[in-house]
Amino acid sequence: MAARDVVLLFPGQGSQKAGMGAALAEAHPAARRVFETADDVLGLPLSRLCFDGPDEELTRTENAQPALLAHGAAAWAAIGDAAGPHVRAAAGHSLGEFTAYHVAGALALADALRIVRRRGELMADSGAVRPGAMAAVLGLDEDAVERTCRDAGDAGIVVPANYNAPDQLVVSGEVAAVERVMVLAKEAGAKRAIRLNVSGAFHSPLMATAADGLRQALDAVVFGPPAFPVYANVSAEAVRDPAVARRLLVEQLASPVRWTAIVLALASAFPNALFVELGPGSVLGNLVKRIAPGTETAACGTAADVDTLLARLS
């Protein structure tokens, strides 16, 4: 196992849940220090929100984003010494891309926490200024979902926002247009079309108003070269240049998450790698198995997960 390649994955908003990180912080002092740092840097009881909820507060965009980054960073703090030599690349879903850059050494923890807290605030503000909606479409391929978005265009702006798997996409845009896509998708044979509980039309042109604020936040911190490539949501390509990383992180706000393409690229570049998801749950690991069958995955969000993974890497 000593030569086993590892690819790190970091989840985005929606994976948060009350209780996240509690056992991890209790079992691993390095993980606990990450949560303590988050509380100090942000000036709010983020660790208490993660460990105890309530869910309605944790789910707020400006809280969920730093919470997920803190949990991913805490998991990495617990396994980094053992796993570091094996890591070949990383990727994160939406918000998770910031966590990936922190773990890769490009962003200091305090800076990453402040940036994603600000990102959450900006996205929430954009959702208030330009109200929108998102919906998951299950059972239609990419071409069919893209076609329904075009066909619904007379009802307003709507675009594919998350290419999560070949038959699982999320659309985002103005409320009437999203609702129109849901009708058209079902008529086209979708198994389900489900409105999501979100505060805005993320990864759509409606988020463009948040771009200047995020750019300013990124320009205000040191952003170094990552120790390993991070595959970008916007391009699905490996990024090592800090200037390119900054630009794509801003573009990501109003661009789709190309998760299917990212996983295919990673599976091709690292065909025998273990894909490790750092954070609550195994949403991304499950998507990896659907996109690239046969790929081996592991969750790393709890103390038990850490023990299992460290045993596999020893």
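**Notebook: the sheet and the helices packed on it**

I began at one residue pair and found that Leu-278 has Cys-300, in strand S10, as its bridge partner. I keep in mind throughout that this is a predicted model.

Stepping back from that pair, I looked up how the two strands run, and strand S9 (residues 274-278) is parallel to S10, with five bridges joining them. On the helix side, I noted that helix H12 (residues 259-269) packs on the sheet and touches S1, S2, strand S7 (230-231) and S9, while its direction makes about 175° with that of S2.

I then traced the whole sheet, which is open and has six strands in the order S8-S7-S2-S1-S9-S10, with mixed pairing. Strand S8 (238-239) and strand S10 (296-300) each have a single partner strand, so at these edges one side of each is left without a neighbour in the sheet.

Next I turned to helix H5 (residues 61-83), which lies across strand S1 (6-10), strand S2 (87-92), S9 and S10, and I recorded that it runs at about 140° to S9.

Which helix has an axis that comes within 10 Å of the axis of H5? I found helix H14 (residues 303-313), and the two axes cross at roughly 5°. Angles under 35 degrees count as roughly parallel, and H5 and H14 are therefore described as roughly parallel to each other.

For the residues behind this packing, I listed Ala-78, Ile-79, Ala-82 and Ala-83 in H5, which meet Val-306, Leu-309, Leu-310 and Leu-313 in H14. Sorting this contact by class, I counted eight nonpolar residues, no polar and no charged ones.

Note on methods: Residues numbered from 1 in each chain as written. Predicted model: local features only at pLDDT ≥ 70, side-chain atom pairs only at ≥ 80, totals over all residues. Heavy atoms only, no water. Pairing = 2+ DSSP bridges. Helix = DSSP H or I, 4+ residues; strand = E, 2+ residues; numbered from the N terminus. Contact = heavy atoms within 4.5 Å. Axes fitted to C-alpha atoms, helices over the stretch in contact; angles between N-to-C directions. Parallel < 35°, antiparallel > 145°, perpendicular 65-115°, else oblique. Nonpolar A, V, L, I, M, F, W, Y, C, P; charged D, E, K, R; others polar.
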